[in-house]
Amino acid sequence: MAVAVRSLTFGQAINEALRLEMERDPSVVLMGEDVAGGATVPGFEQEDAWGGVLGVTKGLVQQFGRQRVLDTPISESGFIGAAVGAAATGLRPVAELMFVDFFGVCMDQIFNQGAKLRYMFGGKARVPMVIRTMIGAGFRAAGQHSGCHYSVFTHMPGLKCVVPSTPADAKGLLAASIRDDDPVIFFEHKMLYDLTGEVPEDELVIPLGQADIKRSGDTATVVAIGRMVHLALEAADLLSADGISLEVVDPRTLSPLDDDTILSSVRRTRRVVVVDEDNPRCSMATDIVAMVASQAFDDLDAPPQIVTAPHTPVPFSPPLEDFYVPSVERVVQAVRATL
Amino acid sequence: MELTREQAVWIYERMRLIRSFEERVARLFADGRIPGFVHLYAGEEAVAVGVCAHLGDRDYITSTHRGHGHCIAKGVPVNEMMAELFGRATGSCKGKGGSMHIADVSRGMLGANGIVGGGPPLAAGAALTARTLGTGGVAGCFFGDGAAEQGTTHEAMNLAAIWNLPVVFVCENNQFAESTPVTYHCAATSIADRAASYNIPGVLLDGYDVLAMYEAAGEAVARARRGEGPSLLEAKTWRYFGHFEGDQVTYRTAEQSAAYREHDPLALFAKQATERGLLSRADLDRIDQDAERQVDEAVEFADRSPLPAPEDSLSDVYVAYR
């Protein structure tokens, strides 16, 4: 049976997932700064002024009202903590932490409350909440609005971490995240919002913990996260001219991480490059390389390579920021270093 | 607010059970039978009991590191509580939380909290659930004078006020944040006065007087249930023990502590209730003995309960790593 698909942007796909989940389950509520915008302003009683700072949640307040699409004060500890309390008592809140860099003002509520309640209470609590948050460089947004930082959250027991790279993945993984009974941090790369791709019209749920092979190949495996998947695919196009066939593995969720798919690809290609836009130390790049080295060392024909941002904050000026973000050229060089 | 005999019995039973439990825990801790940290609630009983007297099954509370009294007032069984303090598999949290994270969500107790100021946002969230799902429930939020200086407490009060959420914020001002007096750490003369900045009612109360607590909490809970939003109660109180067990309490004088013990909240209520003809001396004695018996049983239950298996540490969390 043919599945009806059409082209949507990454941002539209996220909006559609939120709408479908809110239609399906009245306990799903959204909260965050300007998720509707214009609260209490005459004329905006059932309209949004913004619909999110980049318009990703636009139109939802019109359909679901201001009791379920809650504008918050600029008060991340307050409303993310409220999402934890609401999740522990019967709602499925989706809270928006506008930029991941803002985790510094609310980490206690994420880390000591949301992530730990289920465990500390002996499994007698569940915290089915999602924190949607924007990541990544490329907007010239400088040091406090451009980081990735998903490795910080992946390190924390009790949290699940999702980093979609395509519109369809964003839709299916967000639905799964909302239905999950554990707290999920859902990382949206701001440079992907306008990316278009085919997305099924109907409900789509992609289980957490399943990597996706975005391109099959047999010369080397490139494990790439989020926006870096697209760099890896460009590198694969360039290298194919030289007869080099890259397999591009997109983990899609960092916690849980689909070790099996990564390992089986690497065991076949015998070469691995990990591309990660986060800072390098204690990163997903080093974590995945360590996992491969400890479990498939004898299958490797070359030392694993990593391509990451440098260990600096994200700079502002265009040449500086462009230098910060991993490039297709660096991915190509890293692959060649394994050959 | 006139009390019935039944209400008076419940209040005295709960206050006495908290006192008996905490005094026993102090002895057990001193004997080395309870691992970790414990923070005792004795002296503050009138606050938890006066508030929880108005709460039922659909209502939630958030608590503090000093949470045993809140648990007992909200109806968490003392057998499971003592077993949790002993680190046993039969404990409220199967031995994974201990005193500082003791919880029973099935009874609306959202956990003691090891983070000062960790609870207020959670209470706002529980109240958001009540409002969104139309349960008619209210969230009681206990926090100390120390937590009054945390940003989370301010954020949660502001959020509850702008969203008109059914929360009763209850500041247990025992006058010390660990060893630091409230007169030093708090710029306000009264924490209750801060309610004005959220446009919510704020009431300063004698936290030793359970009747005063009961009456003020009754009004605040009723207001929340009517959909009129949050309130802030500040209960001035005193903890009989140190900040934690083992604290030598060098920052308070023996005279101060003796004066507060003289004015004891249980003795005060016993006097009030007998003068009003609600309770007899025989009632009080029976309740005192019954509380001791319940605590005896709780210790026996904890003692004969199994320890958790080491590998149980790997359950109740999402674990994916080999």
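At what angle do helix H2 and helix H8 of chain B pack, and how far apart are their axes? We'll get there after a word on the model. This is a predicted model, where local features need pLDDT of at least 70 and side-chain atom pairs count only at pLDDT 80 or more, while totals for chains, interfaces and linings use all residues. Residues are numbered from 1 along each chain as its sequence is written, with chains lettered from A and ligands numbered from 1 in the order in which they are written.

Now the helices. H2 (residues 45-52) and H8 (residues 210-225) of chain B pack at about 35 degrees, with axes 8 Å apart; axes are lines fitted to C-alpha atoms, for helices over the stretch in contact, and angles run from 0 to 180 degrees between N-to-C directions. Helices (H or I, at least four residues) and strands (E, at least two) are DSSP runs, numbered from the N terminus. On the H2(B) side you'll find B:Ala46, B:Val47, B:Val49, B:Gly50 and B:Val51, which meet B:Val210, B:Met213, B:Tyr214 and B:Ala217 in H8(B). Two residues are in contact if their C-beta atoms, placed from the backbone, lie within 7 Å. By class, these residues are eight nonpolar, one polar and no charged; Ala, Val, Leu, Ile, Met, Phe, Trp, Tyr, Cys and Pro count as nonpolar, Asp, Glu, Lys and Arg as charged, and the others, Gly among them, as polar.

Zoom out to the whole of chain B, and you get eleven helices and seven strands. Its C-alpha atoms fill a box of roughly 55 × 50 × 40 Å along the principal axes. Of the contacts in chain B with a separation of 6 or more, 75% join residues 24 or more positions apart.

Chain B also has a partner: 35 of its residues are in contact with 37 residues of chain A. On the chain A side, helices H3 (76-89), H4 (107-114) and H5 (117-120) each supply at least two residues. H3(A) gives the largest share, eleven residues. That side of chain A has 17 nonpolar, 15 polar and five charged residues.

Chain A itself is assigned domain 1 (5-200) and domain 2 (212-337), with bounds from an automatic or database domain assignment. The C-alpha centres of the two domains lie 27 Å apart. Between them, 26 residues of domain 1 are in contact with 24 of domain 2.
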